[in-house]
Structure formats: C-alpha cells, structure tokens
Amino acid sequence: MSSTVAYCHRWVAFQVSSLCFYHTYVMEESIDVRGLPALKNLEKLHLTGYIEKGFCELRQLQTLAIINGKWNARLPECFSELISLKHLDLSFNNFSGDISMLKNLSSLEHLDLSYNNFSRDLSVFKNLTSLKYLDLFFNNFFGNIYVFKNLMSLEFLDLSSNKFSGDISHFRSLTSLLELRLWNNSIEIPSSLAPLFNLSKLQNIYADNNMIYNAETEKHSLDTPTFRFGSITLSCSGDGGSFPQSLNHQHDLQYVDLSNINFKGDQFPNWLLENNEKLQKLNLANSSLSGHFQLPSTSRRGLLYLDVSNNSLDGNIPNEIGAKLPSLEQLNMSNNLFSGGIPISIGDMISLEVLDLSNNKLSGGIPRHMPMGLLIFDVSNNRLFGDIQSSMENMSHLVTLDLSNNILSGGIPRWMGKMSDLEELVMANNHFEGPIPMEFCKLNRSLQFLDLSANNISGSLPSCFSSSILSHVYLSRNKLKGPITGFFNSSGLVTLDLSNNHLTGSIPNWIGTLFSLSYLLLNNNRFEGGIPIQLCKLNGLSLIDVSNNNLSGTIPPCLMITTLNDSSHAYYGIPYQYGNYRSFSADVPIEVTIKSISYFYKGRVLTYLSGIDLSCNKLTGEIPHHFQYLRDIIVLNFSHNSLIGPIPPALSELYQIESLNLSYNYLSGNIPSQLLGLHFLSSFSVAYNNLSGTTPERTEQFATFEESSYEGNPFLCGEPLPKNCSTDGSSSSMPKNATNEGFIDMKVFYASFVGSYIVMPLCIAIVLYINPYWRRAWFYHVEATTMSCYYFVVDHILPKRFR
C-alpha cells in the first residue's frame, strides 16, 4: 500500500475511500474534507486549488502542499494542530500576517513559505530545530538573522528578497548547510567569507545585493576555508578590501560572480582561471581591477561566460584567447584600457554569441575572420579604422551591430541588407560616405534601431523605410538631401532625428499619423511651407525642433507637448537579453538648444525634457494665447521670426518652464507681470522687439536676468536696463494705448502713411483749381524748372555731336 498513488478529482473523491490514502490532488477545486470521512487518515495532501474548511482535522498529515492557491488571508490558527507535519509547502499563495501558528510543528523538516506576504514573528524558528529545508523567498520578513542560528540541521536556507539584517557570523553553527541563498537583503557579509570557513559542507552561496564590507583586520580561528564552493555570487555595491584570497583554495568553482565590489584596484586574479578547470561562468565586472588580463596555461573548454567589463585592465588582449577559451558564448571586456588590435583568434570561438569590446583603446581594423554565430557585436568607442570587412557578410544572425565612434570609412556595404535578423544598427560618428543602400529596405521585418548620424552620408532618404516596428532613427549631421520620403507607415516610431542635413521640401502631413512619436528633430535643414496642423494629432510628443529652416505661416495653437518622466519610450531601457547580457545598449544623445547653447541629452535625463523650438524661421502672426496642451513644457523658443502682437499672459501657466526665448521678433505691448509666477525659469529673453513699459519686478527668478534679456526694445525701461522710467517720465507721459499696445501702433502708422500720400496731392489740386493766381504761378514755375533742366542736360551731359 505504501507505493500506491491515486489522483483524485472532486467528482470521484466520494468513491475512492481508502485508495486515496497517500496522495490526493484537487485541481482548482474547493473541497470540504468534513464530508469525506474516508480521508481522515491521509498522510499526504497536495492541492493546487484551495480548501474551504475542515482540513485541520487531518491530524495524521505528514505532508501538506497548498501551491498556487487562492488564499488571501492569514494562516488559519488550526495549523498548530497538525503536529505530525514533516513537509509543509505553502508557496505561491497570498498569505499574510505572522506565522506564530507554526511554532508547535517541531517535527517539520521541510518548510516552504516562498512567494507570500508574511511579515513577522521570526521567533517561531527557535522551535523548528528539525528543519532541513527552509525557503522564505519573496516575503516581507524583517529582523535579525540570529534567530536561525539554532537550526543546525539545515541543509538548504533561502532568505532572499526580504528585509533581513544582521551579520553572517550567526550562521557559523549551521554546519550541515549545503546551499545558502541571501539575495536582496541588508545582511552584513565580509568579502573574505571568514565566518563561513568551518562550514565544510557548504557548496553554493548566493548573496547578491547585501552589505559587503572589508574585514581584513578581523582575526579568525581558521586561516583557510574548509568549504568547497561550486557557486558563489556576492555582486553588490560596497568596499570589499582586497580580493578574497580564500577563493585561492577553491578548485571546483563553476559559477563566480563578484561584480560591482570595490577591490581597491587589485590585480586581475589570474589564478581563478588557472585553478578551476570546471569554471563555466566568471563575472568580475566593475570590481576596480587593474593590470594585465592573463590566460590560464591550459585550455579552459568549459568556460562559457566571461565578463571583466568596467575595470582598469590594460595592455593587449592576449592573441591566444581564442585557443585558450574556445567554448566561450559571451565575452565582455568593455570599458577598460585595452590597446592594440582585436585578436584574430577570436574568429576561432565558434560558439561565441556576444562579443563586447566597446570603450577601450583598440586600434587597427576589424579582423577578416569573425565568429559566424555572433548575435551581438559591439566595438564602439575605440580607434578602429579602415573599411567594414566583406567577410562580415557571413555573420547573418547578427541582432546588434555597433561600430559607432571609431575612424571607420568607406561606403555602407550593400550586403548588410541580407542580415535579416538585425534589430539594432549603430554606425554613428565615423567617416562613412555615399548613399544609404536601397538593400536596407530588406531590413523592414526586423530593424528597430538605426543610427547613422555624424558621418558623410549623402544622397536622398530611401523611400522604403516604412516598417511598423522601426522605433528610433538617427540620421543627423550628414549630407542627406531632397524631401522626407519613407517612414509614413512607421507607426511605432518614437524618435525621428533628421537634423543638420540638406533636406528640402515641406514637412509632410503624414507625420501626424506617427502616433508613437516622442522626439521630432528636423532642425538645420531647408524645409519650406508651414508647420503641418496634423502635428496636433501627436499627443505623445515630448520634443519638437524645426529651428533654422525656411518655414512660414503661423504657429498652430493646438500643438501638444508632454514629458515622459519614465523610460517607457527611451531606447536604453529596452530589456532584450541573451543570457545575462543586455542588447540594445546604445544611449544616443539628442541635441537641444537651451539658454542659447546646444547641449546633448541622453538616457533617463532625456525622458524628463520637453520643449518646442521654432526659432530662426519666417513664422508670422501672433503667439497663441492658450497653452492648455503645453503645461509640462521645459523649453520654448520662438526667437528670430516675424511674430507680432503682445506677449500672452497665458505663458504664466507653463509652471515647469525653464527656458523661454521670444527675442528678435516684432512683439509689442508690455511684458505681463504674471510671468513672475514662473518659479523654475532660468533663461529668459525678449530682446530686440517693440516692447514698451517697464520691465518685470526684480524678484525671485527675474532678479537673475541681466540687461541682455531686455535689450533692443527702445521704449522699455526699468532695471536692469540703463533707462530709468521715473527720470525721463516716459512711463507717465505715454498715452494709455501706448502702454497697452506699444508706443507705435503699426496698423495706424501704415494707414496714416498711405492716407497722407493720397490727401496731400488732392489738396494741392483743389487749391490750384480755386485760386487762378496760384494756378498761373504754379504752371510758370513748372515750365521754368522744366526748361532749366532741359538746357542743363544739353549743355553739360549730351555729347557735342548731338547738340
């Protein structure tokens, strides 16, 4: 009978009687065990649903598993009556509160409370001394870990993702431990791991994201550890002192992660590779290591993952790296000081999928022979030169190719259109020239990110760029010409940067159909026509810059600008990963002009920036008087246009604005006093307009603005201008309409000027008609003047033969 296993659903439960003696599975059903007297002798009960009542009457239960149930309450008090339990699994439920009702279960050997919301009463564990397996992962427990020091039978302990504190020295007594998991707590762990030296059975410790500290001055009874680690992860932010020499005694390591710990600039621990033939993964990223990277004396065919990025390693990458580490799948040596060329032997790593050598000082060309199975190839920010090797055509599985910020030259190869899996192509800041190949049209099924900015690329935009998954396009600072073609079906486009080219024509109306668009940069081109009213349909726009073009017409009053304030659209946040390596790592800056100076913003900072720049065009009409769609705007620049009319007081509703530039227009009237409420304003200019009246009171932000913010307005007075309003009386002597509408009303001026030219000749004609004496004198003087001019021309200007 002991080997009998029956699987009973609710519909057969009443018929099973004694057959359902050891295992009963109730799949997503509720059951009242009081109605099943035959189940009272159950020893094992496994549920994936929930039971309503009566289960505490099963006093003989030795195994109870309620997994992924529908509980949403505290543990029932009757749990304390199940004193025969040895195995209790309550994982993946919504239990909350304390676990005090478990204190009488002294026979428990296996307790799994993971993925719940328990939060208190750790004193229970003082009584559960028979525990061999304890899993508290992902709860809200807090308190000191000393409560576990008496659980000397523990073989597995998982306290991860809670709020535990205390020093790891409390675990010295847990001599039966095989595996210890402490992720994501506030436990103090010395980098030397000395308190664990006597845990001879300990094989694996996972303790990322705790409080690593330097304990070099502490004295311990054991100089060398007795444990034989297979895996150790201590990735954290902290000062680790010297690199843990205790690992020098380990020869069975398979998985090592000591990343993000400051090891005082220690030399790279070459002995880790030399001593551990079974090593599969080594992560020493951002560990303040220096010196040369050295390879083991013999090949390490088991090593699959190596990350030594973000250190200060220098010298050349060893030429024989491909022979010594032939099985590598991921190699990250970025952000170091490596020099020399890319080793040719890397081409022999036939399993290599990720190669990141970015941000070093590597020179020379890209090797002809590269692994054909590469998915990610990043050599950005180096000193590589020459053409792109044609042999790269065989890297048909590439997903990410980043060659940016080098000295590479030549044309963009047409065969790149055959890379059907390519999602990210970054070749910015090189010397590439020629057109964008039409073969790129074949990438529409996969390409999401394209950055060819800051090169010498010429020709027109391919009309085939029309992919719904294309999200970011950077083609700025090139020599592209012609109209904007393509992109009209790119409904997923978030960034379109075509700035600083020679593009012509008008801004197409179909841009208003790109509903995901957040960043539109068309500045420094030769666009003509008006600003399309269709842009008003883009309610996700965060930044629009069409400055330095030949645009005309009026400013659409319905433009909508918002601030993202998160990374939902920001490219750097796209979490594509291969193993533990994140793809789509490019962090492309966008140029924005603030305070008359161009800055480059990128990453998370860019998501907090919003603005409109329409400067240096030929826009006319008045500034819109309503800004209900621009409340979150940071930058507003309408300078160097032909705008007329007053400055709208509604600008004071832009509470977040930091930079406001209305200079070099024909604005009239006074400066609204309501602008004093713009408490974040740090740059302000209304220079060179036709403004009149007094400058705003010099308080708060406006106390920081100098004369240059107001100069070029001859009828404006008050500090910081040298013209004093009270001295010359200009302010008091002005007519009422001059204060409100400007000293010179241009419409009245033009009307009076034309009227004068009509009225004056008419008055002269009337006077000559009425008075005959004046009429005769007028014609006499006209005749005399005509004859004098005639003889002057004949005597002094005409040649003698014509006289």
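Tutor: What follows is a short talk about the cysteines of this structure. This is a predicted model, in which local features need pLDDT of at least 70 and side-chain atom pairs count only at pLDDT 80 or more, while totals for chains, interfaces and linings use all residues. Residues are numbered from 1 along each chain as its sequence is written, and side-chain values use heavy atoms, with hydrogens and water left out.

Student: Okay, how many disulfides does a search of the whole structure find?

Tutor: The search finds 3 disulfides, where a disulfide is counted as a pair of cysteine sulfur atoms within 2.5 Å. In general, a disulfide is a covalent bond between the sulfur atoms of two cysteines.

Student: Which cysteine does Cys 441 form a disulfide with?

Tutor: Cys 441 is bonded to Cys 464, and their sulfur atoms are 1.6 Å apart. Cys 441 lies in the loop between strand S33 (431–434) and strand S34 (449–451), and Cys 464 in the loop between strand S35 (456–459) and strand S36 (472–474), so the pair ties together parts that are 23 residues apart in sequence. The strands here are DSSP runs of E with at least two residues, numbered from the N terminus.

Student: And is that link left-handed or right-handed?

Tutor: The link of Cys 441 and Cys 464 is left-handed, with -75° about the S-S bond.

Student: What about Cys 536, what does a disulfide join it to?

Tutor: Cys 536 is joined to Cys 558, with an S to S distance of 1.9 Å. This pair links distant parts of the chain, with Cys 536 in the loop between strand S41 (528–529) and strand S42 (543–545) and Cys 558 in the loop between strand S43 (550–553) and strand S44 (577–578), 22 residues apart.

Student: Why is that disulfide right-handed?

Tutor: The disulfide of Cys 536 and Cys 558 is right-handed because the torsion about its S-S bond is about 70°.

Student: Switching topic, is Cys 536 buried or exposed?

Tutor: Cys 536 is buried, at a relative accessible area of 12%, whereas Cys 558 counts as partly exposed at 21%. Buried means under 20% relative accessible area, exposed over 50%, and partly exposed in between, using a 1.4 Å probe and protein chains only.

Student: Where does Cys 717 come in, which cysteine is it joined to?

Tutor: A disulfide joins Cys 717 to Cys 725, S to S 1.8 Å. Cys 717 counts as buried at 2% relative accessibility, and Cys 725 is buried too, with a relative accessible area of 13%.

Conventions: Helices (H or I, at least four residues) and strands (E, at least two) are DSSP runs, numbered from the N terminus.
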